[in-house]
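Could you walk me through this model stop by stop? I have it open in the viewer and would like to know what to select next and what I will find there.

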Amino acid sequence: MNKNNLITLAFALLCNTMFGQETKENYALIQPGDTEKDIITKAANVTPSPRQLRWQQLELTAFFHFGINTFTDKEWGDGTEYPQIFYPTALDAKQWVITAKNAGIKQVIITAKHHDGFCLWPTKTTSHSVANSPWKEGKGDVVKEVADACRAYGIGFGIYLSPWDRNASVYGTDTYNDFFVEQLTELLTRYGRVDEVWFDGANGEGPNGKKQVYDFERWYKLIRELQPAATIAIMGPDVRWAGTESGYGRETEWSVVPANNLDLTEIALGSQRDLAFKPQGDMTGNDLGSREKILNAKGLVWYPAETDVSIRPGWFYHAEEDDKVKAPEKLLDIYYSSVGRNGVLLLNIPPDKRGVIYENDVANLMAWKKLITETFAVNLASKARLTIGSKGKLIFDQDYDTYWTTGKNDTTAVIELRLKENITFDVLLLQENISVGQRIERFVLEYQDGKEWKEIAKGTTVGYKRLIRFDPVTANKVRFRILSSRLNPTLSEFGLYKQAQP
Ligand code: FUL
């Protein structure tokens, strides 16, 4: 580091210490002298970047796993497939996108290339692509059809590009990183805006038996340059894998987690506002961000959870799974356990050999969507009188950006709801305003039964959204208590609902 850099670094660190608690960054550095309180306050002030906030608010996103595996009936191809077998007879990307949109999904991700290396777009980098298939006489481009449909129907568009490539002869050599950059460049420059780039963690052997050292940092840089709004997910700095492919997230889900491999100097210099760190450590534990975890960290980063799952047992379409499509009730349980646990759901809906989403999948998605819409149509709490002052009504205004909070030094709160008439409810909805940070650590919901307050439900983290179901309760006095918070807690929305019947 040269002298000027050193001075800038010192200044940046000083500013961070003095103003760090006020500035909005999606990371925080922990200094050697920081007390426990300093660290907790820093954690409570880490906020999502604009691209992370946009992504979180999507709530529901979809994967379309489609490719050569659809035709070989496999989950993982080995790269030796003949492109000639790729022949969807009625490919209709609009039907995919309309289905997703009608199901409430706000963004989709197409598997532009899976581990087999077969490219769904006519790439210059390899002959293992649609250009050598009989589909549209080699003139087709699945990526384009999906991107165009997304734009036409107003939903987000993302790409999955598998770093692991079992077909590329250069895999396992430095040249592969150039090859990958070329593929990324094609995908990020030909199809308009890209909202998400999804990198899988799989890193197996290529055709020559060698493994590849992926040049992630170079790829991140390229994405930031070509598509600055895109979130880079999983093997990337913006979005974290929740740690399971079941669709079920953690009960306690902190979006702020320790990051010990941040390039602290670069960050302090301000030259790396866009973090470029590879995810590290165990992503599957029950607790990634509690006080205990963050107190020993070197840095903290906003790194929210994405919960992926397939609507079928496999990621790709297999006819023998046509009767194993997840039922609407199962999808609903997944919804409560992913979106309802401070995550974004990434639901895979694999198009079939015709190139359309199969009838059973469409039917179950529509029934699922109906259950969600009907359940959340009326907030039964919204007529209540509140005991928290005039700003209290902001928790019912259905505007995420407006919120209620306590005094600056409060870390607990009690909100009492008084209703003229009894209401019967069995779902609690909570939303913190994460644009100022994630703070709530423990809460309880109670109702008044005679003179006594009785517990209905309790929980730990809230974050962007928390949903809890319980046996129906009938009451006209309800109380929500925040028992612990890292800093003054915020609530954007609070709701009590009655579940729709299937
Ligand atoms: C995994 C892959 O190996 C699966 O085939 C699938 O694409 C899933 C989303 O990620 O790592």
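Start by selecting Q499, in the segment that follows β19 (493-497); bear in mind as you go that this is a predicted model. Is Q499 buried or exposed? Its relative accessibility is 19%, and because the cut-off for buried is under 20%, Q499 counts as buried.

Now show what surrounds Q499. Leaving aside residues up to four places away in sequence, Q499 touches Y336, T375, D426, V427 and R469. For a distance to draw, pick the C-alpha atoms of Q499 and I372: they are 8.4 Å apart in space, although 127 residues separate the two in sequence.

Next, move to K465. You will find K465 in the loop that links β16 (452-459) to β17 (466-485). This lysine is buried too, since its relative accessible area is 9% and buried means under 20%. Which residues does K465 touch, beyond those up to four places away in sequence? Select E59, then Y335, then the run V339, G340, R341 and N342, and finally L429, L430 and Q431.

From here, go to the ligand.

In H115, a side-chain N or O atom is 2.8 Å from an oxygen atom of the ligand. For D200, a polar side-chain atom lies 2.9 Å from a ligand oxygen, and for Y160 the corresponding distance is 3.3 Å. How much of the ligand does the protein bury? On its own the ligand exposes 290 Å², and 89% of that is buried by the protein.

For the last stop, colour the whole protein by pLDDT. The average is 92, and 91% of the residues score at least 70. Strand β3 (residues 107-113) has the highest confidence, at 99, while helix α1 (residues 3-19) has the lowest, with a mean of 44. Select residues 1-21 next: the pLDDT is below 50 over this stretch, which makes 21 contacts in the model beyond near neighbours in sequence. Then try residues 264-273, where the pLDDT is again below 50 and the model has 20 contacts beyond near neighbours in sequence.

Note on methods. Residues are numbered from 1 along each chain as its sequence is written. This is a predicted model: local features need pLDDT of at least 70, side-chain atom pairs count only at pLDDT 80 or more; totals for chains, interfaces and linings use all residues. Side-chain values use heavy atoms; hydrogens and water are left out. A polar contact is a pair of N or O atoms within 3.5 Å; within protein, one must be able to donate a hydrogen and the other to accept it, and residues adjacent in sequence count only if both atoms are side-chain atoms. Accessible areas come from the Shrake-Rupley method with a 1.4 Å probe; for residues, only the protein chains shown count as cover. Helices (H or I, at least four residues) and strands (E, at least two) are DSSP runs, numbered from the N terminus. Buried means under 20% relative accessible area, exposed over 50%, partly exposed in between (1.4 Å probe, protein chains only). Contact means heavy atoms within 4.5 Å. pLDDT is the predictor's confidence in each residue, from 0 to 100.
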